[in-house]
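Please keep the sequence and the 3D view open while reading.

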Amino acid sequence: MPGNSRLVQSSQDGIHPSLQVLLARHLATPWRQPLADHSRLAFNSLSQWRRQRSECPLWMDSGCGTGRATVQLAEENPDVLVVGLDQSAARLERGRQRYPVLPDNALLLRAECADLWRLMVSAGWTLQRHYLLYPNPWPKPGHLQRRWHGHPVFPTLLALGGLLELRSNWSIYVDEMAQVLAFMGCSGSHGSFTASSPLTDFEEKYQHSDHSLYRLTYSLDCG
Ligand SMILES: C[S@@+](CC[C@H](N)C(=O)[O-])C[C@H]1O[C@@H](n2cnc3c(N)ncnc32)[C@H](O)[C@@H]1O
């Protein structure tokens with residue numbers, strides 16, 4: 001089935017020249033934006049859900065959309081807890097209709113990632129795996145701070161630790177993340193890949209549109 005998804009268009013043709021300076025600023029200055037009350041409530045319900053299960057390792061699918069990867073990962077890995085986070089009530093509602101009964105080790109939660117990650121780190125939580133599957137690319141050069149590696153929450157993402165897996169159809173997003181992680185002393189690899197069976201809706205859509213796909217896996221347990 002051919003798709004009609006457009007390739008990412010950007011006037012940026014390589015790693016953003018301000019990436020290192022921005023990273024240095026974010027590492028030097030803790031991000032103090034106040035946390036929203038609804039984020040605290042979301043973290044409380046996540047904590048309660050987690051307490052009701054044994055102390056299994058925690059995997060997070062941040063920006064999960066309708067939760068397809070969350071469900072698949074949970075089904076394939078019954079010994080871990082998999083949490084799908086998304087800020088979009090509409091996408092999560094579509095997920096609830098699609099998966100009316102979730103595996104017991106899966107949770108779909110409405111929350112803003114940057115807030116929830118900060119609450120998790122403040123509570124001393126760490127992840128075993130963290131999936132960032134097709135995050136919005138924010139391809140305009142002026143939007144660098146909205147990409148996760150250019151965002152002020154980036155040090156918190158690092159502090160959550162675990163094995164980070166990022167997938168994108170924009171190679172520059174993945175190259176930038178790899179550069180920042182290598183600078184931080186983390187190890188891993190990145191490059192193009194073919195998904196034999198799609199893990200997410202966006203992955204499927206991009207495959208049907210013949211887009212190249214890029215993946216990064218890096219250990220964030222790099223001290
Ligand atoms: C391009 S979609 C990818 C969805 C899914 N991972 C997939 O591959 O099919 C990006 C998703 O990230 C969510 N998102 C973007 N920024 C977010 C944020 N700051 N906090 C939570 N969710 C966010 C959007 O609502 C959207 O569902």
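## The ligand shell

By class, eight nonpolar, six polar and five charged residues make up the shell around the ligand. Here Ala, Val, Leu, Ile, Met, Phe, Trp, Tyr, Cys and Pro count as nonpolar, Asp, Glu, Lys and Arg as charged, and the others, Gly among them, as polar. The ligand is surrounded by 19 residues, and the closest are Gly63, Gly65, Gln87, Thr200 and Phe202. A residue is near a molecule if its C-beta atom, placed from the backbone, lies within 6 Å of it.

Strand 2, helix 5 (113-122) and helix 8 (201-208) are the elements that give two or more residues to this shell. Helix 8 supplies the largest share, three residues. Helices (H or I, at least four residues) and strands (E, at least two) are DSSP runs, numbered from the N terminus.

## Basis of the model

This is a predicted model: local features need pLDDT of at least 70, side-chain atom pairs count only at pLDDT 80 or more, and totals for chains, interfaces and linings use all residues. Residues are numbered from 1 along each chain as its sequence is written.

Seven strands form an open sheet with mixed pairing, in the order 3-2-1-4-5-7-6. Its edge strands are strand 3 (106-110) and strand 6 (187-193), each pairing on one side only. On average, neighbouring strands are turned by 15° against each other, direction ignored. Two strands pair if DSSP finds at least two bridges between them. Strands of a sheet pair through backbone hydrogen bonds, either parallel or antiparallel.

Strand 6 pairs with strand 7 (residues 213-219) in the antiparallel sense, over seven bridges. Ser189 stands opposite Thr217 of strand 7. Strands 1 and 2 run parallel and are joined by five bridges. Leu58 has Leu81 of strand 2 as its bridge partner. For Ser62, the partner in strand 2 is Leu85.

## Enclosed strands and their cover

Five of the five residues of strand 1 are buried, so strand 1 is largely enclosed by the rest of the structure. A residue is buried if 20 or more other C-beta atoms lie within 10 Å of its own, exposed if 12 or fewer, and partly exposed in between, with C-beta atoms placed from the backbone. Leu58, Met60 and Ser62 lie on one side of strand 1, Trp59 and Asp61 on the other. Strand 2 is also largely enclosed, because six of its six residues are buried. One side of strand 2 carries Leu81, Val83 and Leu85, and the other carries Val82, Gly84 and Asp86.

Helix 2 (residues 37-51) lies across strand 2 (81-86) and strand 3, running at about 170° to strand 3. Axes are lines fitted to C-alpha atoms, for helices over the stretch in contact, and angles run from 0 to 180 degrees between N-to-C directions. In helix 3 (residues 68-76), Arg68, Ala69, Thr70, Val71, Leu73 and Ala74 are buried. Their cover includes strand 1 (58-62), strand 2, strand 3, strand 4 (129-133) and helix 8.

## The nonpolar core

The largest nonpolar core has 48 residues, of which Val83 and Met177 touch the most other members. Such a core is a set of buried Ala, Val, Leu, Ile, Met, Phe, Trp, Tyr and Cys residues joined through C-beta atoms within 7 Å. Helix 7 (residues 171-183) gives the largest share, six residues.

Leaving aside neighbours within four places in sequence, Met177 is in contact (C-beta atoms, placed from the backbone, within 7 Å) with His149, Leu166 and Leu216. Leu166 is found in strand 5 (residues 163-168). Leu166 is buried, with 24 other C-beta atoms within 10 Å. Leu166 and Met177 are eleven residues apart in sequence and 8.6 Å apart in space, C-alpha to C-alpha.

## The segment before helix 1

Ile15 lies in the segment before helix 1 (19-28). With 14 other C-beta atoms within 10 Å, Ile15 is partly exposed. Beyond its neighbours within four places in sequence, Ile15 is in contact with Ile172, Asp175, Glu176 and Gln179. The C-alpha atoms of Ile15 and Met177 are separated by 9.4 Å, at 162 residues apart along the chain.

## Two positive phi values

Tyr134 is not a glycine, yet has a positive phi of about 55°. Tyr134 sits in the loop between strand 4 and helix 6 (154-160). Tyr134 counts as buried, with 23 C-beta neighbours inside 10 Å. Asp210 also has a positive phi, near 60°. Asp210 is in the loop between helix 8 and strand 7. Asp210 counts as exposed, with 10 C-beta neighbours inside 10 Å.

How values were computed:
Two residues are in contact if their C-beta atoms, placed from the backbone, lie within 7 Å.
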